[in-house]
Amino acid sequence: TTIDFSASHAPVVRVTAPQKAPKWNGKTDLTTWFKEWCNKIELHPFDESRDKNTDAALAAITRAKTYESDNADVLGLEAECLYSASRFEEALDVLEKAVTVDSKSAQLWCDLATLRLVLAPARGTQDLARALLLDPDLPRALLLRASLRSGEGQFEDAISDLRRVLGQQPQNIEVLFALANAYKATKQPTLMTQMLRRIERF
């Protein structure tokens, strides 16, 4: 069987997860506990009757574009809708246009980096660097860089990025989880426990 790598084979799904943050008892193995939490995340097949909001939003955006076809904010919303519908290649095309309209938007460059890191990693890294050059404190860009650094084993650098985000968003559970894992990787159990206890408060 020949796979067409130029095409997108991503399934169209809907993701659900418990709304309440999990609580760690401080005794269970962190990796086991985290895997149990991840097992509660579920993928559901796309249901046209249930998930038609995306199509409605895209229709509204199309109408808006008849008045402002080169509005970067409108293009950003369109890309977000396309991304949520797993139409990644289309979202990429829209974002590429958006950054030509507003090349100084750190958020748009960050969104573009998020997509390209999946579809074209080398260019995605460049887009992320540009986003952080425009706004060194953009939380989403810092989170994205922290994820890349953790994947490369650069945990101390990842921790630095994550703590900067935490300073802006002290109740961000995603950041607290990431820090807990980074502290575990760097053998800092006291700091890891501090992050997990902060999660328990929510």
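1. Start with helix H7 (residues 139-151) and helix H8 (residues 155-168) in this predicted model. Their axes come within 8 Å and cross at roughly 160°. An angle over 145 degrees counts as roughly antiparallel, which makes H7 roughly antiparallel to H8. The crossing of H7 past H8 is left-handed.

2. Which residues of H7 and H8 make the contact? From H7 come Pro139, Leu142, Leu143, Arg145, Ala146, Arg149 and Ser150. H8 answers with Phe155, Asp157, Ala158, Asp161, Leu162, Arg164, Val165 and Gln168. Sorted by class, the residues of this H7 and H8 contact are eight nonpolar, two polar and five charged.

3. Now look at helix H5 (residues 106-119) and helix H6 (residues 121-134), which pack at an angle of about 160° with their axes 7 Å apart. H5 is therefore roughly antiparallel to H6. H5 also passes H6 in a crossing that is left-handed.

4. You can find the H5 side of that contact at Ala106, Trp109, Cys110, Leu112, Ala113, Arg116, Leu117 and Leu119. Facing them in H6 are Pro121, Arg123, Gly124, Thr125, Asp127, Leu128, Arg130, Ala131 and Leu134. The contact of H5 with H6 contains 11 nonpolar, two polar and four charged residues.

5. The next pair to pick out is helix H3 (residues 72-84) with helix H4 (residues 88-101). How do H3 and H4 cross, and within what distance do their axes come? The crossing is at roughly 165°, and the axes come within 8 Å. H3 and H4 are therefore roughly antiparallel to each other, and H3 passes H4 in a left-handed crossing.

6. Among the H3 residues that meet H4 are Leu75, Leu82 and Tyr83. On the H4 side, the residues include Phe88, Val94, Leu95 and Val101. By class, the contact of H3 with H4 has 11 nonpolar and three charged residues, with no polar ones.

7. The protein chain has a mean pLDDT of 78, and 68% of its residues reach 70 or more. Where in the chain is confidence highest, and where is it lowest? The highest mean is in H8, at 96, and the lowest is in strand S1 (residues 13-16), at 50.

8. Please take care at the start of the chain. Over residues 1-15, pLDDT stays under 50, and the model has 22 contacts beyond four places in sequence for this stretch. Where pLDDT is low, the predicted coordinates should not be read in detail.

How values were computed:
Residues numbered from 1 in each chain as written. Predicted model: local features only at pLDDT ≥ 70, side-chain atom pairs only at ≥ 80, totals over all residues. Heavy atoms only, no water. Axes fitted to C-alpha atoms, helices over the stretch in contact; angles between N-to-C directions. Helix = DSSP H or I, 4+ residues; strand = E, 2+ residues; numbered from the N terminus. Parallel < 35°, antiparallel > 145°, perpendicular 65-115°, else oblique. Left-handed = near helix turned anticlockwise from the far one by under 90°. Contact = heavy atoms within 4.5 Å. Nonpolar A, V, L, I, M, F, W, Y, C, P; charged D, E, K, R; others polar. pLDDT = per-residue confidence, 0-100.
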